[in-house]
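Subject: Structure handover

Hi,

Here is the structure I promised to pass on. Please open it beside this email and follow along.

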Amino acid sequence: AVLCQSLSSAGVWVRKLTSGWTFVLNGHRVGRYADVAKRIIERAVFGAAQNRSYRRLADFTDTVGNRVSGSQNLERAIRYMYDAMKQDGLEVHLEPVKIPHWVRGKESAEMVVPRAKTLAILGLGSSVATPPEGIEAEVLVVQSFEELKRRASEAAGRIVVFNQPFISYGETVSYRAFGASEAARVGAVATLIRSVTPFSINSPHTGWQTYRDGVKRIPTACITVEDAELLWRLARNKQKIVVRLVMGAQTLPDADSFNTVAEIRGWQRPEQVVLLSGHLDSWDVGQGAMDDGGGALISWEALSLIKDLGLRPRRTLRAVLWTAEEQGGVGAQQYFKLHKENISNFDLVMESDLGTFTPMALQFTGSDAARKVMEEVVNLLAPINTTKLEAGAEGTDISQWMQAGVPGASLHVADSRYFWFHHSEGDTMTVQDPHDMNLCSALWAVVAYVVADLQDMLPR
């Protein structure tokens, strides 16, 4: 009786059968999907769809290239994916949004004292330009915001270089995001920030940055790990350092764009939705294959696999390819505003935006009762050895839904190399592995289909 009471409080029903006790999670007979899951996995990993997501991604990125917010390339990418998913037999439509339009322009940096050396840079998104002739100034090198505060009297009129160590992306990215404003507060004229990466082959990494209200806007760019450490060593040896920085960046009026939406409509509850997603935009370097072409393509591939097998779940499966994620989830924010009135009909929101390397686990955010169901769902992934369910789904584009109480899921992949290539010229198809993408596609399709076809929605 104690066991039954405990399980019931967790949202689990217990039934006595002639063969013994069996557990039915919230009325969901998850185990009956084992054969369907095997069919999906077989097709994705070994069958007719083997390597398809990889080939699609290669065709897409080789044809379109990188796709920064507001660019013509992004609009070409949206049209490309709209046509391709239509041709694949899916229901596809576009939902209009307004997105930022920042243009890099020509940029360069050179150390002129104590010797001449070109510095590889990438301006940061939303940065202002230098004057046309550039900025030439002495450099102050610091390793933390705390050191900058201690040496504030030395910063006026200088270019501040941040040589912060990489601890984790979540902790270290604050220097990229807010370094310019923190330096401007103490009178700096520009900032050069060590790229947020644990590994470098003289490769600068870009990203979005944010100016604080009421603080002068100064030009800001990332430099390589190697150059940041060089400048730090020179400064430590009391060398005078002078750098000339030229940036032609500009922010144009917001541009028209679209979130790209493909669906397999549910046969019984079409108004209820399992949403799976990745973002279609990228930065203006590399190919955006890893961030986040792979996530977008496995979301399309999941629907393709389900359609190929003639499956149609009770609820609607909706793949959303977000626009302008790199600028802070702009497309997703507008999607949330448009659809939040139907929030009770969103069963699960899924996002893949940390690469499509070898899948290790599914990350999940939801109630204890929903977690019980999802533990059973991931057990269906035993053929690809991905039965682990971890706490804490993540994703800029689904965060608002999860904060509002909708269950969320994301991929945990073997991502140790992710930030080697992130937001750099190194984010190309060479990073991608076709077998890994097969596994990610299979996981994504099994989870989305089973949750969409269960008798009941996941409990909130």
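First, a definition you will need: helices are DSSP runs of H or I with at least four residues, numbered from the N terminus. Also keep in mind that this is a predicted model.

**The largest pocket**

Start with helix 6. The largest share of the lining of the largest pocket comes from this helix, which gives four residues. Strand 18 (408–413) and helix 12 (418–421) also supply at least two residues each. The lining has 26 residues in total. Tyr169, Glu325, Glu326, Asp353 and Thr396 lie nearest the centre of the pocket. By class, eight lining residues are nonpolar, eleven are polar and seven are charged. The volume of this pocket is about 550 Å³.

**The cavity**

How many cavities of 30 Å³ or more does a search of the whole structure find? The search finds one. The largest cavity has a volume of about 40 Å³. Its lining is made of Ser282, Trp283, Val285, Gly288, Asp291, His423, Ser424 and Asp427. Two of these residues are nonpolar, four polar and two charged.

**Salt bridges**

The structure holds 24 salt bridges. Look at three of them.

Arginine 56 and glutamate 301 meet through their side chains, at 2.9 Å from N to O. Arginine 56 sits in helix 3 (residues 52–64) and glutamate 301 in helix 8 (residues 289–308), so this pair ties together parts that are 245 residues apart in sequence. Both arginine 56 and glutamate 301 are buried.

Glutamate 182 pairs with arginine 185, and their closest N and O atoms are 3.3 Å apart. Both belong to helix 6 (residues 169–185), three residues apart, so about one helical turn separates them. Glutamate 182 has a relative accessible area of 17%. Buried means under 20%, so glutamate 182 counts as buried.

The side chains of arginine 265 and glutamate 263 also form a salt bridge, at 4.0 Å from N to O. Are these two buried or exposed? Arginine 265 is partly exposed, with a relative accessible area of 36%. Glutamate 263 is buried, at 8%.

Some bridges share partners. One network formed this way joins Arg43, Arg52, Arg56, Asp88, Glu301, Lys307 and Asp308.

**A surface patch**

Phe199, Ile201 and Trp420 form a nonpolar patch on the surface. Together they have about 310 Å² of accessible area. Isoleucine 201 lies in the loop between strand 9 (190–194) and strand 10 (220–223). Its relative accessibility is 68%, so isoleucine 201 counts as exposed.

**Backbone details**

Most peptide bonds are trans, and most residues other than glycine have a negative phi. Here are some exceptions.

The peptide bond from valine 113 to proline 114 is cis, with omega near 10°. Proline 114 is in the loop between strand 4 (107–113) and strand 5 (117–119). The bond from aspartate 291 to aspartate 292 is cis too, with omega near 0°. Aspartate 292 is in helix 8.

Lysine 238 is not a glycine, yet has a positive phi of about 65°. It lies in the loop between helix 7 (225–236) and strand 11 (242–247). At 77% relative accessibility, lysine 238 is exposed. Alanine 324 has a positive phi of about 55°. This alanine 324 is in the loop between strand 14 (315–322) and helix 9 (330–339). Its relative accessible area is 0%, so alanine 324 is buried.

Best wishes

Terms used. Residues numbered from 1 in each chain as written. Predicted model: local features only at pLDDT ≥ 70, side-chain atom pairs only at ≥ 80, totals over all residues. Heavy atoms only, no water. Buried < 20%, exposed > 50% of the residue type's maximum accessible area, 1.4 Å probe, protein only. 1 Å grid on protein atoms, 1.4 Å probe; cavity = no way out; pocket = protein on both sides within 12 Å on 5 of 7 lines; lining within 4 Å. Points joined across faces, edges and corners; volume = space filled by probe spheres on them. Nonpolar A, V, L, I, M, F, W, Y, C, P; charged D, E, K, R; others polar. Patch = residues over 30% accessible without salt bridge, like charges linked within 9 Å, V, L, I, M, F, W, Y side chains within 5 Å. Areas by Shrake-Rupley, 256 points an atom, 1.4 Å probe, with all protein chains shown as cover.
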